[in-house]
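Opening the notebook on a new chain today.

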Amino acid sequence: MNGTPGRDYRHLLLVCSFRPETPQSPGVFRHASLAVSLTTPDPAVRPVARLIDPGERTRPVGGPGTGLSFTVATGIVDLGVERQPDAGPGREEWIVRGHGASQPDPQWEFRSLRRLPLAGDHPVAALVELVPGVPNTADVLVAAELEHRSWGVRRYRARLGPQSHGITLSP
C-alpha cells in the first residue's frame, strides 16, 4: 500500500461476541452495531481507516422451500401431480456489513437472519493510517437490540471513551 511519507499504520482488531439465549440469560440479539471514532487532540486532523474488514460477511439462506402437490380423485382413478421446488442457485444474505472505509468513523452492523441467530464471535478490523506526532485514539460505541419473549425489544448502548477504555493507537 502506498502511504503518505511519514505516516504510520496500525491494525485495529475488535471482536463482537454474541451469546445464545440460555435460561440464565434470556433473550436473543436481533441487531447490533459497532462504531469506531478515530481521533487526535486536534479535531481538524484525524486518523483514517484506510481499509475495513469485512466489507460484508454473508451466510447462505434456504430458498422458499415450497413445492406443489395435488391429487384429484374421481372414484375410479386417482391422478396426482407433484413438483419439487427448484434447487437453483443459493441465495446469500449479509450478517455483518461494514461502512466507512477511507474515513475516520468506520462502523459495522450485525443482524440475525430468520433461521440463523446472531451468536458467536464476529471479528472486525481496520487498517488505520495515523496522524504523525500526536496521540491517536479509537473510541468505541456499541449498540444492540435484544428481543425477550416477555419484555419485548430492549435497546442497549455503551461508549468506551478515551477516559476509561479508549484504545491508544500511537505512543
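My entries follow, from ground rules to single residues.

**Ground rules.** This is a predicted model, so I note that local features need pLDDT of at least 70, side-chain atom pairs count only at pLDDT 80 or more, and totals for chains, interfaces and linings use all residues. Residues are numbered from 1 along each chain as its sequence is written, and side-chain values use heavy atoms, with hydrogens and water left out.

**Secondary structure.** I looked up the elements and got zero helices and 12 strands. Helices here are DSSP runs of H or I with at least four residues, strands are runs of E with at least two, and numbering starts at the N terminus.

**Whole-chain numbers.** The chain has 171 residues, and 29% of them count as buried. My cut-offs: buried is under 20% relative accessible area, exposed is over 50%, partly exposed is in between, with a 1.4 Å probe and protein chains only. The chain exposes about 11200 Å², and carbon and sulfur atoms supply 53% of that. These areas come from the Shrake-Rupley method with a 1.4 Å probe; for residues, only the protein chains shown count as cover. For contacts (heavy atoms within 4.5 Å), I took the ones between residues at least 6 apart in sequence; 71% of these join residues at least 24 apart.

**A three-stranded sheet.** I found an open sheet in the order S1-S9-S3, with antiparallel pairing. Two strands pair if DSSP finds at least two bridges between them. Strands S1 (9–18) and S3 (48–53) are at the edges with a single partner strand each, so one side of each has no neighbour in the sheet. Neighbouring strands are turned by 25 degrees against each other on average, direction ignored. The axes are lines fitted to C-alpha atoms (for helices over the stretch in contact), and angles run from 0 to 180 degrees between N-to-C directions. I then checked S3 against S9 (residues 120–129): five bridges join them. Ala-49 has Val-128 in S9 as its bridge partner.

**Rings.** How many aromatic pairs does a search of the whole structure find? It finds two. Rings of Phe, Tyr and Trp (its six-membered ring) pair if their centres lie within 6.5 Å; planes under 30 degrees apart are stacked, over 60 edge-to-face, and the rest tilted. Phe-18 and Phe-29 have ring centres 5.0 Å apart and planes at 70 degrees, so I log the pair as edge-to-face. Phe-18 sits in strand S1 and Phe-29 in strand S2 (residues 28–39), 11 residues apart. Phe-18 is buried at 5% relative accessible area, while Phe-29 is partly exposed at 21%. Together with Phe-110, Phe-18 and Phe-29 form one aromatic cluster.

**His-148.** I found this residue in strand S10 (residues 137–148). His-148 counts as buried, at 13% relative accessibility. Its side chain reaches the backbone nitrogen of Ser-150 at 3.0 Å. Setting aside neighbours within four places in sequence, His-148 is in contact with Pro-26 and Gly-27.

I looked at omega and found a cis peptide bond between Asp-53 and Pro-54, at about 0 degrees. Pro-54 lies in the loop between S3 and strand S4 (56–61). Ser-102 is not a glycine, yet has a positive phi of about 65 degrees. Ser-102 is placed in the loop between strand S7 (91–99) and strand S8 (107–111), and counts as partly exposed at 44% relative accessibility.

Technical notes: Polar contact = N/O pair within 3.5 Å; in protein donor to acceptor, adjacent residues only side chain to side chain.
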